[in-house]
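Please walk through this protein with the model open beside the text. We begin at one residue and then widen the view.

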Amino acid sequence: MTAPVRFPRFFVTSPAPCPYLPGRSERKVFTELKGPHADSLNDALSRIGFRRSQTVAYRPSCIDCSACISVRVVASEFAASSSQKRALKANDDLVVTVCRPWSTSEQFELLQAYLAERHPEGGMTAMDEIDYADMVEHTPVTSYVVEYREPSEDGVTPGRLVGACLTDRQCDGLSMIYSFYDPQSPRKGLGNFIILDHIRRSVEMGLGYVYLGYWVEGSARMQYKVRYRPLEKLGRAGWERMAPEDQDRLIADAVAIPARKRASAPRWARTG
């Protein structure tokens, strides 16, 4: 006699200020990932727009707003742009290691430096080392941390850590849960390279996609995601290819954002 199928129970959060669009509120629907079928549940939920955070899968469920759109790169058809090819060339000497999901002080220090410069007003800046360990280690699914290190002089001892990404292995792709890198590194395109490496890695593993999470049109910090072609977005009818002309427009807007920031920033301000 087979055991009865247990469907997950879903819950909804109370409204809170939206971290992406000023003046709006956000609400999430979520469920717990646990037990021997956590991987398959996470796979199924990711295909309908859920993301994982520790032992929870969630997706936006906002009233009168659908700005958060799940996007994924079609890895097998990806074609690097000129700037992406430069990022690959500039960073291809990095030593890339797939590690078990275990946090280290070195990773945490790198995360702190990244958040302080790139997202100083974000909620993650309040994380301590225990919070970071929870983010990395509390996973009921197949996960790992991909580390990016500079080559060492002797080729034996680990080089300096300049990037890392918490990644989930799914049945049809790699899901980039959170990536961070050295914001003061003289290397160009480190963040870009981490995504490109995941695309390359996905192809080598025979997986179809790299999941980039949510894209929010109008949120400046989310626009880098539209630079990877071809890109699919999740709509009411399922996953659909973003039209080339729409992606051309969005890429042009994304490229213009740093220029507008530089033009409006005081001379002493740092540019990222």
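**Starting from Phe-50**

Phe-50 sits in the loop between helix H1 (38-46) and strand E5 (51-53). Helices (H or I, at least four residues) and strands (E, at least two) are DSSP runs, numbered from the N terminus. This is a predicted model: local features need pLDDT of at least 70, side-chain atom pairs count only at pLDDT 80 or more, and totals for chains, interfaces and linings use all residues. Residues are numbered from 1 along each chain as its sequence is written, and side-chain values use heavy atoms, with hydrogens and water left out.

Is Phe-50 buried or exposed? Phe-50 counts as buried because its relative accessibility is 9%. Buried means under 20% relative accessible area, exposed over 50%, and partly exposed in between (1.4 Å probe, protein chains only). Leaving aside neighbours within four places in sequence, Phe-50 is in contact with Phe-10, Val-29, Leu-45, Ala-57, Tyr-58, Arg-59 and Tyr-214. Contact means heavy atoms within 4.5 Å. Take Val-29: Phe-50 and Val-29 are 21 residues apart in sequence, and their C-alpha atoms are 9.1 Å apart in space.

Leu-45 leads back to H1. The buried residues of this helix are Ala-38, Asn-42, Asp-43, Leu-45 and Ser-46. Their cover includes strand E4 (28-32), E5, strand E6 (56-60), strand E10 (161-169), strand E12 (209-216) and strand E14 (238-241).

Asp-197 is in helix H5 (residues 190-204). Asp-197 is buried, with a relative accessible area of 3%. Beyond its neighbours within four places in sequence, Asp-197 is in contact with Val-96, Val-146 and Tyr-148.

Next come the loops. Gln-54 lies between E5 and E6. Phi of Gln-54 is near 55°, a positive value in a residue other than glycine. Gln-54 counts as partly exposed, at 28% relative accessibility. Asp-64 is in the loop between E6 and strand E7 (68-74). Asp-64 is not a glycine either, yet has a positive phi of about 65°. At 81% relative accessibility, Asp-64 counts as exposed. Pro-230 belongs to the loop between E12 and strand E13 (231-235). The peptide bond from Arg-229 to Pro-230 is cis, with omega near -10°.

What of the cysteines? A disulfide is a pair of cysteine sulfur atoms within 2.5 Å. By this rule the count is 0 disulfides. The sulfur of Cys-62 has its closest cysteine sulfur in Cys-65, 5.5 Å away, so the two are too far apart for a bond. Cys-62 is partly exposed, with a relative accessible area of 21%. Cys-65 counts as partly exposed at 25% relative accessibility.

Step back to the whole chain. The protein has 6 helices and 14 strands. Of its 272 residues, 40% count as buried. Its radius of gyration is 19 Å, which agrees with the value near 19 Å that a compact globule of 272 residues would have. That radius is taken over C-alpha atoms, and the globule rule is 2.2 Å times the number of residues to the power 0.38. Along the principal axes, the C-alpha atoms fill a box of roughly 65 × 45 × 40 Å. Among contacts with a separation of 6 or more, 67% are between residues 24 or more positions apart.
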